[in-house]
Amino acid sequence: MNLFQEYEKQQNWRDWERYLQFIPISQDDSVVDLGCSVGNVSRLFSLRVKSVLGIDVNQEFIDFCESNKSSNETFICTDFLSFDSLSVESVNGIWSSFSLSYLRNPLDLLTSLNSSMHQGGWIALLDVSCFISGNLDKNSKYYERVRRFELESYKSGIYDFNFGAKMQGLLQSAGFEIVHVDNDVTDSELNFSGAATTEIIEGWAARLNRMQRLKEELGAEYAEFCEELLSGLSSRQHEKRENVRFVVAKKSNKSMQPTAIASAD
């Protein structure tokens, strides 16, 4: 299973419609989908707003979105840091799911988005919070090692496994006003109780197969760790533990300067 196939399958495990009910969407909104992937959320927004701009760094994803787009959707292959150079005239809403965790300095982008957004505009972020250790039995000999790896991952500048726990503080520091928070979102793949389906176990196996840095961290024990994690996901006793979080915020009417924030665990 390649990356495109993984992302296509994952769309079936996300209840995207549920998130939209907490966003102050207007039919006149111009929405930017940062990290649009294969375009499922962009399409949902296109049915509700004036226009949608989907951005992703993966050309295969963008080509797929372009071949399936509606008349009010536009897709561009670029990284988020190039957003300012796109000359987007009007932005009322920003959506980003499982994407900003790849940035080295997400606060810089959020501050820039705040400044380019219309007054009263909204932003909605969905992301993970230590979802590997969060799906592992706390009594596992790997639990503390994996959790430490996740908490320190942001230092690499490649991926922040704990970004979900930081979103609220980052948004506030960027000048946004929080209007909705869910720190324990139910997700049938990443944050659930009970036994996972065979298809979801296969998805997890594919993910673990490409997690090179964690594989290097655990070395020769990685295969045993994967077997234990997948076994736990298959157990009826498996319980969700705040592995997925969702925050909605609006551009504040008050003039604010970005402030430093402490790292969240």
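Trainee: What covers the buried residues of α10?

Mentor: The cover includes α6 (143–152), α8 (198–209) and α9 (212–218). Keep in mind that this is a predicted model.

Trainee: Which residues of α10 are buried?

Mentor: Tyr222, Phe225, Cys226, Leu229, Leu230 and Leu233. They sit on the same side of α10, because they cover an arc of only 125° around the axis.

Trainee: And what does the face turned away from the buried side carry?

Mentor: That face of α10 has the exposed residues Ala223 and Glu227.

Trainee: How many residues does α10 have, and how far does it reach?

Mentor: Helix α10 has twelve residues, 222–233. From first C-alpha to last it reaches 16 Å. That is close to the 16 Å expected at 1.5 Å a residue.

Trainee: New topic, the whole protein. How many helices and strands are there?

Mentor: Ten helices and seven strands. The radius of gyration is 18 Å, close to the 18 Å from the globule rule for 265 residues, so the protein is as compact as a globular protein of that length.

Trainee: What box do the C-alpha atoms fill?

Mentor: Roughly 50 × 40 × 30 Å, along the principal axes.

Trainee: What share of the residues is buried?

Mentor: Buried residues make up 51% of the 265.

Trainee: What about the accessible surface, how much of that belongs to carbon and sulfur?

Mentor: Those atoms account for 45% of a surface of about 12500 Å².

Trainee: Last one, contacts. Of those between residues at least 6 apart in sequence, what share joins residues at least 24 apart?

Mentor: The share is 74%.

Technical notes
Residues numbered from 1 in each chain as written. Predicted model: local features only at pLDDT ≥ 70, side-chain atom pairs only at ≥ 80, totals over all residues. Heavy atoms only, no water. Helix = DSSP H or I, 4+ residues; strand = E, 2+ residues; numbered from the N terminus. Expected span 1.5 Å × (residues − 1). Buried < 20%, exposed > 50% of the residue type's maximum accessible area, 1.4 Å probe, protein only. Arc of directions from axis to C-beta. Contact = heavy atoms within 4.5 Å. Rg over C-alpha atoms; globule rule 2.2 N^0.38 Å. Areas by Shrake-Rupley, 256 points an atom, 1.4 Å probe, with all protein chains shown as cover.
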